[in-house]
Amino acid sequence: MAGVTETAVPTGQQKRLGHMTGWRLALLLVSPYLLIQFIHEVAPSLFPNFLSVVNEDSIVPFRDWANRSLLHLKDEDLLGLFNFKDFTRTVSGWLEYPLDVSEQLLIAGDGPFGLSAVPWVALVAGFAVAGAWLGGWRLSVLVGGCSLYLAIFDVWEDSMITLSIVLVVAPLAAVIGWALGLAAAKSRRFEALLIPALNVMQSMPHFSYLLPISVFIGIGDEAGAIATILFAVPPMARLTLLGLQTVPAEVREAGLMAGCTRWQMLWKVEMPAARPQLMVGINQVLMQCFGMTVLASFVGTRGLGLPLLNYLQSLRIGRALEVGVAIVLMAIMLDRLSQAAGSRKPEHTDYTKSWLQRHPFLVAGTAVTVGGVVLGQLFDQAKVLPEKWTVSTAPFWEEIVDWVQLNLKSPLGEFRDFMILEILIPMRNGFESLPWLGLLVLVAMLGWYFGGLRLAAIVSGFIAYLAFSGFWIESMETLYLVVASLIVSVVIGVPVGVYASKTDHRHAAMQVVLDTFQVLPSFIYLIPVVMLFRVGPVAALVAIVIYSTVPAVRYTMLGLRNVPDDVVEAARMSGCTEFQVLRKVRLPMAFPEIMLGMNQVLLFSLLLVIIAAFIGGIEGLGDEILRSRTEQALVGEGLVAGFNVAVIGLTADQLITNYARDRKAQLGIA
Amino acid sequence: MSSDAMISCRDVWKLYGPDPLKFLNQHNGEPTVDAVKEAGYIPAVVAATLDVMPGEILVLMGLSGSGKSTLVRCLSRLVEPTAGSVEFGGIDLLAASGRELIDIRRHRMGMVFQHFALFPHRTVAENIAFPLEVQGVDGNTRRTRAEEIISLVGLEGRGDYYPRELSGGQQQRVGIGRSLAVEPDVWFLDEPFSALDPLIRREMQDEFLRLQSVLRKTIVFITHDFAEAIRLADRIAILYEGQIVQLGRAEELITDPATEYVRKFTRDVQRDKILTAGSVMSEPGRADLNGASVQASALLSEVAATVLSSREPVLVQDDTGTAVGSLDRDTLIDAVWGTDETGDSGDTGDSAVG
């Protein structure tokens, strides 16, 4: 910035505690908590019970308030003007129509305009052409192959229903998110409102969207669609804002100096310059929509999720695996196509060629569509794949399941029992007996150290809310599983990240693995683990670990690779062994980034713990949300429990991001 | 003076902080820099007054954070000054409406940026034609004009390239081309060559001088490199903590530095290539009227051989042949290689230079 004199500004932590480090500092921060815990354990008679667990009478009736306001919204007119339920029903009515059209185009045929469904051969070929256009022949083979799989292996109809919903909700979510991001970029005041809202929205579990929607709209495709839109808006808003904010000041100035009007600035300068982030946003919207649409089967949305849910709950693992593979393939298709679209760079146009030569893919796309439709008119087999041509892979999967049951049952069972009895149950008991005051003091100390009094007040407010929400024990039951998986994920993820960051080759290979894992909807990981461990905390733990090790590895790699080369060289020239370089230079420099990774691990775990509870066998907040789904009178409970999940996530998020920001400033890394 | 000036800026302030205007008013519009800092404001531009004459190259020179970028943005109103006035070609720039400002920028101003600020999604030709496009000039005219500019800046055959396909020097040629597309009256260049390698920088400076010899624009050029300032400037303004500490020709800055800060900048320059005989000569009386003579406007490097080989002071004449002074060996040696005195500037008071 022009005119700013550079001075070394002490960061927050330095200001507060000088240069105290290491064990002494840790002890200082933790000692008040240890003291409370000590009194609580050794002299329980001295420790007032209400400081341990808030008793029933003192619980703040958040759930009643939530229930009542929902009922109020549902039945009464808002400000005497309109009924909220009517409003939501109207919105759902608007959605019904495009959802119908989209579905009928893809699968059902004979739509409202007499549209008949596009034949499956045209769709498969169309996917292949789109792949070739956006990403070359490799992508074409991948996408074409995946869609062919969907057709042949008897999941075509469910897949296309899911796709038809995604095709309607993703553009809507993208446009809404884009508009919000744009408004935030243009108005600081709106940004200050939007960012905290996005933070809360993004740490709410999926079901917190589904529950209230189902109250107002009931069960079905529209409810799922609306919840999905709400769920997918935040990442798009965030990335739009980021993209617009990171347009270099000079580029903006170049636009102004050329004499752009505001409108021209937006469309000719800012939007094109923000294109990379916008495209990442669209990719994320697509993936979020896909995951959420499948998950929305919990409120009766059709598509791939519904059979999966049924099979899992009736423990027909083979069938569930078959659907799971379809979900994986579709996720990969959508991800790779949208990523390829996003990374396309403008190419030279050779005007010496004819129009046809310049647009080969448009021509090919039209050709296969027309060809497919013609084929569909001629042969019924091309229109709808005959049942007898399809193959079910379920028997194959069933065999695997049987084999596992037969051969691995006892070692797996022993492992599971050992984990439950020796580790998880003691750990859960420990968490359940934590006095809330102790946790509050601990979190407040950390907050004070990382971000000053303001942060301390915010995070202790969060813990106090948990204590008085009436779901303290449930929150701790959820937290223990999250912490357990956090520990395992870090123990696995950090060394893997260290290993993978060592060479470019490993890094690239690991990146592909991580990208693939990240694309899959979280609950997919539950299918194989349920096969191995049945339902319960061990299955959840393993699924969560598989899912949330991904960010642990990713951020470790990122942090290590961002360590400047000259610093590493300086360490080598000082005579460090490779291990010393790692321990004394690279890991300390990468530590803030690794902490941000842990933050992600924690948020990922939290969301998956809730989903896992739906399969059954896990106590805690997820269980509360599940029960409220079946009984409308309990919706308030479900909402409060969902909000507790968000509050746990926000507490960790606030502490860790503040820490990482401060620490990065100290280390002088961006 | 100011009526002839292309840009005339009077007492321009730019402070960053909670309520800069109120602060300025509290201090009757003239707080000291220390008072500004003490109140927690950042003094980006402090009481800047200067005129940019038509056809001249005025270089704003200072270290990073000296306010030179902010000042040039006040002159183009990319940054809204806290106080003061800026007249642009007779128009009160700060009173111009949004529409008027857009109009002025579309037709009368061009700007080149340190990091090129090219639009990555547009080809070279599209980048160059961008200012015409936003004015609504039709496609054919734009293409013709872009072709002209492309050859003017030496990028023939690269019109269809994207910025990412060009080297740094080539990218800045595009930046220069874009800023010239509308044939502006005033050309702002914000450290245009700082991001380039030294050899390329030299080449681009030559290119810049070549262009200017053809175009004769009014130029405000920013740099932190004094050697670059000397090569290019008609006049140099040196900025320190937002203030213009001295404004004058390179020669004046060297022979008569206003402050220690200016002196430090000028210390390492090649004086013999900048100072003229006239700027360091003594009274004409001592000269050997029968000996050699030199032109007052000649550089010391050009007259060195004559002066050094003469035992007596040589005569210094102006363009008409009138004797205006004399120059002896010691004065010349002192002026070029002397450490504590930089010539007969008279300010013997501050002779100590570390």
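**Entry 1: helix H8 of chain B**

I began with burial in H8(B), where Met204(B), Gln205(B), Glu207(B), Phe208(B), Leu211(B) and Gln212(B) are buried. Seen down the axis of H8(B), these buried residues fall within an arc of 165°, so they line one face of the helix. The arc is that of the directions from the helix axis to the C-beta atoms. Buried here means under 20% relative accessible area, exposed means over 50%, and partly exposed lies in between, with a 1.4 Å probe and protein chains only. An α-helix has 3.6 residues a turn, so residues three or four places apart point the same way.

I then checked the face of H8(B) turned away from the buried side, and it carries the exposed residues Leu199(B) and Val214(B). H8(B) covers residues 198-215, which makes 18 residues, and reaches 25 Å from its first C-alpha to its last, close to the 26 Å expected at 1.5 Å a residue. That expected span is 1.5 Å times one less than the number of residues. Helices (H or I, at least four residues) and strands (E, at least two) are DSSP runs, numbered from the N terminus.

Glu207(B) came up again in my notes: Arg173(B), Glu203(B), Glu207(B) and Arg210(B) are linked in a network of salt bridges. A salt bridge is a side-chain nitrogen of Lys or Arg within 4 Å of a carboxyl oxygen of Asp or Glu.

**Entry 2: ground rules**

A reminder to myself: this is a predicted model, in which local features need pLDDT of at least 70 and side-chain atom pairs count only at pLDDT 80 or more, while totals for chains, interfaces and linings use all residues. Residues are numbered from 1 along each chain as its sequence is written, chains are lettered from A and ligands numbered from 1 in the order in which they are written, and side-chain values use heavy atoms, with hydrogens and water left out.

**Entry 3: chain B overall**

I noted 14 helices and 13 strands for chain B. Its C-alpha atoms fill a box of roughly 70 × 55 × 35 Å along the principal axes. Of the 354 residues in chain B, 52% are buried.

**Entry 4: strands of chain B**

In which order do the strands of the open four-stranded sheet run? I read E2-E1-E4-E5 in chain B, with antiparallel pairing. Strand E2 (42-52) and strand E5 (91-92) of chain B stand at the edges with a single partner strand each, so one side of each is left without a neighbour in the sheet. Two strands pair if DSSP finds at least two bridges between them. Inside this sheet, five bridges join E1 (residues 7-16) of chain B to E4 (residues 83-88) of chain B, running antiparallel. Cys9(B) stands opposite Val86(B) in E4(B).

Elsewhere, I followed E9 (residues 235-240) of chain B, which is joined by four bridges to E3 (residues 57-61) of chain B in parallel. Leu60(B) has Ala237(B) in E9(B) as its bridge partner. E9(B) and E10(B) form a hairpin with two residues between them, and Glu241(B) in the turn has a positive phi of about 45°.

**Entry 5: salt bridges**

I found 34 salt bridges over all chains. Which residue of chain A does Glu133(B) meet in a salt bridge? The partner is Lys268(A), with the closest N and O atoms 2.4 Å apart. The pair crosses between chains, from helix H5 (residues 124-135) of chain B to helix H11 (residues 262-273) of chain A. Glu133(B) is buried at 17% relative accessible area, and Lys268(A) is partly exposed at 23%.

Within chain B, Arg108(B) and Asp185(B) meet at 2.7 Å, N to O, in a salt bridge. This pair links distant parts of the chain, 77 residues apart: Arg108(B) sits in helix H4 (residues 98-108) of chain B, and Asp185(B) in the loop between helix H7 (168-180) and strand E7 (186-190) of chain B. Arg108(B) is partly exposed at 23%, and Asp185(B) is partly exposed at 30%.
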